Amino acid sequence: MTRRDEKSWSPYVAGALTGIVLILSVWVADKYVGASTTFVRTAGMIEQQFAPDKVKTMEYFIKEKPIVDWQTLFVAGIFIGSLFAAVMFNDFKKQAVPPMWEKRFGPSIPKRAVFAFLGGAVAMFGARLADG
Amino acid sequence: MSPLLYGLITGIAFGFLLQRGGVLRYDRQIGALRLMDMTILKFMLSAILVAMVGVYLLKDMGIVKLNLKPTIIGAQILGGLIFGLGWGVLGYCPGTQMGALGEGRWDAVWGIMGMLLGAALYAEAYPIMKTTVLTWGVYGKITLPQVLGVNHWLVIVPLVFGGIGLFLWFEKKGL
């Protein structure tokens, strides 16, 4: 029994190639990859539009400056790379509600939106606490 | 070449491979949490095992150095539990939801907005966390070989074989 559809590669192959990308990143650019700091910096940049003086004094934004850096471009690149692969391999699919969610919670888009939003907020708070 | 350009190129390669591995979907992420579909574990562990061997080889040759995050038991256990609660509801990770959006799963937009809020809330909570949770069980920048007091390859080689054993078991079970 295999759950993999024909359009995807073996997760072992794609994973091992990703491992090589990670090695090259450390070797060539001296960067270990991560994503969640970008959400802190971006949140800081948004808050700066409304309360620049407050952001300047907040300890966490002094530690993680509200700027565009290597990781911001890395996170943007994930979007571009995935879009490119999906189009190239005819695997792009517009989807508002995931099938497994729909089966359990129904097809409502607002319902999915509310829970995905709250889930995202909780997940990021935890990720930052664990420094992941 | 500028660091920003390196970031973009690395991100594109990473996003491409995440998409090709089929690991960006809610159904796969929740499938892993429900122990029904181990695709994500296969992908992640393959990447980790390859990168672990490669980075330590380069380190032994004096080409790269490790960049360790400090171990804070309290923050990592509590943070991990909170992250897991949110992840199990959203069904995307911080980085991978950008890729999910890239392949058309646009409910990732809600997750991205939620994560920006979560990051802003953590920034507000940081001064309190610093005097509480972030002081519980601080061990600094440590590694497994260091704690065990053994050569790093004595940890790496068993982990690689353990990973391969796990893969064989997944395939036998059809997970």
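Visitor: In which helix of chain A is A:Arg104 found?
Guide: Welcome! Keep in mind that this is a predicted model. The helix that holds A:Arg104 covers residues 99–105 of chain A. That helix is α6.

Visitor: Is A:Arg104 buried or exposed?
Guide: A residue counts as exposed when its relative accessible area is over 50%. A:Arg104 has 60% relative accessibility, so this residue counts as exposed.

Visitor: Which residues form a positive surface patch?
Guide: A:Arg104 is one of the residues in this patch. Chain A also contributes A:Lys103 and A:Lys111, while chain B brings in B:Arg34. Put together, the patch is formed by A:Lys103, A:Arg104, A:Lys111 and B:Arg34.

Visitor: Is A:Thr72 buried or exposed?
Guide: Look for A:Thr72 in helix α5, which spans residues 70–88 of chain A. Buried means under 20% relative accessible area. A:Thr72 has a relative accessible area of 15%, so this residue is buried.

Visitor: How many salt bridges does the structure hold over all chains?
Guide: Side chains of opposite charge can pair when their charged atoms come close. Among the salt bridges here is the one between A:Arg128 and A:Asp131, with the closest N and O atoms 3.9 Å apart. Over all chains, the number of salt bridges is 15.

Visitor: How many residues apart in sequence are the parts that A:Arg41 and A:Glu64 tie together?
Guide: The side chains of A:Arg41 and A:Glu64 meet in a salt bridge of 3.7 Å, N to O. A:Arg41 lies in helix α2 (residues 36–50) and A:Glu64 in the loop between α4 and α5, so the pair ties together parts of chain A whose separation in sequence is 23 residues.

Visitor: What is the relative accessible area of A:Asp69, and is A:Asp69 buried or exposed?
Guide: A:Asp69 forms a salt bridge with A:Arg41, their closest N and O atoms being 3.1 Å apart. This pair links distant parts of the chain, with A:Asp69 in the loop between α4 and α5 and A:Arg41 in helix α2. A:Arg41 counts as buried at 13% relative accessibility. A:Asp69 has a relative accessible area of 18% and is buried.

Visitor: Is A:Arg128 buried or exposed?
Guide: A:Asp131, the salt-bridge partner of A:Arg128, counts as partly exposed at 25% relative accessibility. A:Arg128 has 2% relative accessibility, so this residue counts as buried.

Terms used
Residues numbered from 1 in each chain as written. Chains lettered and ligands numbered in written order. Predicted model: local features only at pLDDT ≥ 70, side-chain atom pairs only at ≥ 80, totals over all residues. Heavy atoms only, no water. Patch = residues over 30% accessible without salt bridge, like charges linked within 9 Å, V, L, I, M, F, W, Y side chains within 5 Å. Areas by Shrake-Rupley, 256 points an atom, 1.4 Å probe, with all protein chains shown as cover. Salt bridge = Lys/Arg side-chain N within 4 Å of Asp/Glu carboxyl O. Lys, Arg positive; Asp, Glu negative; His and termini not counted. Charge placed at Lys NZ, Arg CZ, Asp CG, Glu CD. Helix = DSSP H or I, 4+ residues; strand = E, 2+ residues; numbered from the N terminus. Buried < 20%, exposed > 50% of the residue type's maximum accessible area, 1.4 Å probe, protein only.
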